[in-house]
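This briefing sets out selected features of one protein structure, grouped by topic.

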Amino acid sequence: MKTTVKTPVKTVEHLGRGPLGRDELAALVARDIPPGSFVNLGIGQPTTVADHLPAGSGVVLHTENGMLGMGPAAHGDEIDPDLTNAGKMPVTELPGASYFHHADSFAMMRGGHLDVCVLGAFQVSERGDLANWHTGAPDAIPAVGGAMDLATGAKQVFVMMTLFAKDGTPKLVPECTYPLTGLACVSRVYTDLAVFHIGPEGVTVAETYGTSVAELASRLEVTVRTLG
C-alpha cells in the first residue's frame, strides 16, 4: 500500500475559531498519516494519535518496547498491566498484533522500516533540526529514550508541540539552543496555532487555527512561506 504523505495545495487560514485543543491536534495528525503506514508514536502527547486513527486505515503502530499492532489506549476492564506502550501507559492490541525483543524493535527503528514517527519537541529549527530530550537546564532530567533512533530512522518525522512556550518564546526557531536530537530530520510540525511543513526551502505554513499567517510571521523569528 502506498504511504505518501498528502500535501495541501494552498495555505488555509481557519480564522473563525480558537487554537486547536489536544484532541483536535491528535486528530489532525491522524488525518495526515497515510493508510498502510508503519508508525511509531512518541511518549506523551503523540500517543493520543492512536485514539483518532480511523478504523480500516491499515496503519500499524509500532512501540519502542516491542510491539506491532498497538491499538488505542486501554480503559476500565480493557486494562492489562502487562500490555503497555513505551511510556508505560496501558494500551489495547489489534488483531494480528505481535511482540518481540527490545533489540529487534530498535533494529526496526534504525533500519528505516518505519514510515512515520510522531514526536514531541522543545524546539524545532527552520531546517528541521530537532531538540526534544533535554532543555540544558542544570536541574533538568535528560530523557533520550529512542528519540534519536526514531529521528534518523523514520522516513517522515512529525512533531506535535505548542508553538510557544509558557514564557511566550517560540519553539519554532532559526537555530535550536537546546541539545539536539537529530539534524534536518523533521518534515512536519503540528501545533495549536498552525501546521508547518519543513523542507530545503524552509518553513511553509499549511494551515492556521485562530490566527493568520501575517500574525504568525510577526511573532516568529523564522521566515514563513505559504502554499499556492
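The lining of the second largest pocket comprises 13 nonpolar, 8 polar and 1 charged residues. The model is a predicted one.

**Second largest pocket**

**Largest pocket**

- The volume of the largest pocket is about 620 Å³.
- It is lined by 31 residues, of which G42, I43, G44, G120 and N132 are the closest to its centre.
- At least two lining residues come from each of β2, β6 and α3 (147-153).
- By residue class, the lining of the largest pocket divides into 16 nonpolar, 13 polar and 2 charged.

**Parallel pairings of β2**

- Strand β2 (residues 38-41) pairs with strand β3 (residues 60-63) in the parallel sense, over 3 bridges.
- Within this pairing, F38 has V60 of β3 as its bridge partner.
- Strand β2 also pairs with strand β6 (residues 116-120), again in the parallel sense and over 3 bridges.
- Here V39 has V116 of β6 as its bridge partner.

- Strand β12 (residues 194-199) is mostly covered, with 6 of its 6 residues buried.
- A194, F196 and I198 point one way from β12, while V195, H197 and G199 point the other way, and all are buried.
- Strand β11 (residues 188-190) pairs with β12 in the antiparallel sense over 3 bridges, and V189 stands opposite F196.
- The two strands β11 and β12 form a hairpin with 3 residues between them.
- Strand β13 (residues 202-209) runs antiparallel to β12 and is joined to it by 6 bridges.
- The bridge partner of F196 in β13 is V205.
- A hairpin is also formed by β12 and β13, with 2 residues between them.

**Aromatic pairs and a charge over a ring**

- The whole structure contains 2 aromatic pairs.
- The ring centres of F122 and Y178 lie 6.1 Å apart and the planes stand at 90°, so this pair is edge-to-face.
- F122 belongs to the loop between β6 and β7 (123-125) and Y178 to the loop between β10 (172-173) and β11, so the pair ties together parts that are 56 residues apart in sequence.
- F122 is partly exposed, at a relative accessible area of 33%, and Y178 is partly exposed at 30%.
- The rings of F158 and Y190 have centres 5.4 Å apart and planes at 50°, so this pair is tilted.
- F158 lies in strand β9 (residues 156-160) and Y190 in strand β11, so the contact ties together parts that are 32 residues apart in sequence.
- F158 is buried, with a relative accessible area of 0%, and Y190 likewise counts as buried at 0% relative accessibility.
- R219 lies over the face of F164, at 3.9 Å from the ring centre.

Key. Residues are numbered from 1 along each chain as its sequence is written. This is a predicted model: local features need pLDDT of at least 70, side-chain atom pairs count only at pLDDT 80 or more; totals for chains, interfaces and linings use all residues. Side-chain values use heavy atoms; hydrogens and water are left out. Two strands pair if DSSP finds at least two bridges between them. Helices (H or I, at least four residues) and strands (E, at least two) are DSSP runs, numbered from the N terminus. Buried means under 20% relative accessible area, exposed over 50%, partly exposed in between (1.4 Å probe, protein chains only). On a 1 Å grid over the protein atoms alone, a cavity is a set of points where a 1.4 Å probe fits but cannot get out, and a pocket is an open set with protein on both sides within 12 Å along at least five of seven lines; lining residues have an atom within 4 Å of a point. Grid points are joined across faces, edges and corners, and a volume is the space filled by probe spheres set on the points. Ala, Val, Leu, Ile, Met, Phe, Trp, Tyr, Cys and Pro count as nonpolar, Asp, Glu, Lys and Arg as charged, and the others, Gly among them, as polar. Rings of Phe, Tyr and Trp (its six-membered ring) pair if their centres lie within 6.5 Å; planes under 30 degrees apart count as stacked, over 60 as edge-to-face and the rest as tilted. A charge sits over a ring if NZ of Lys or CZ of Arg is within 6 Å of the ring centre and within 35 degrees of the ring normal.
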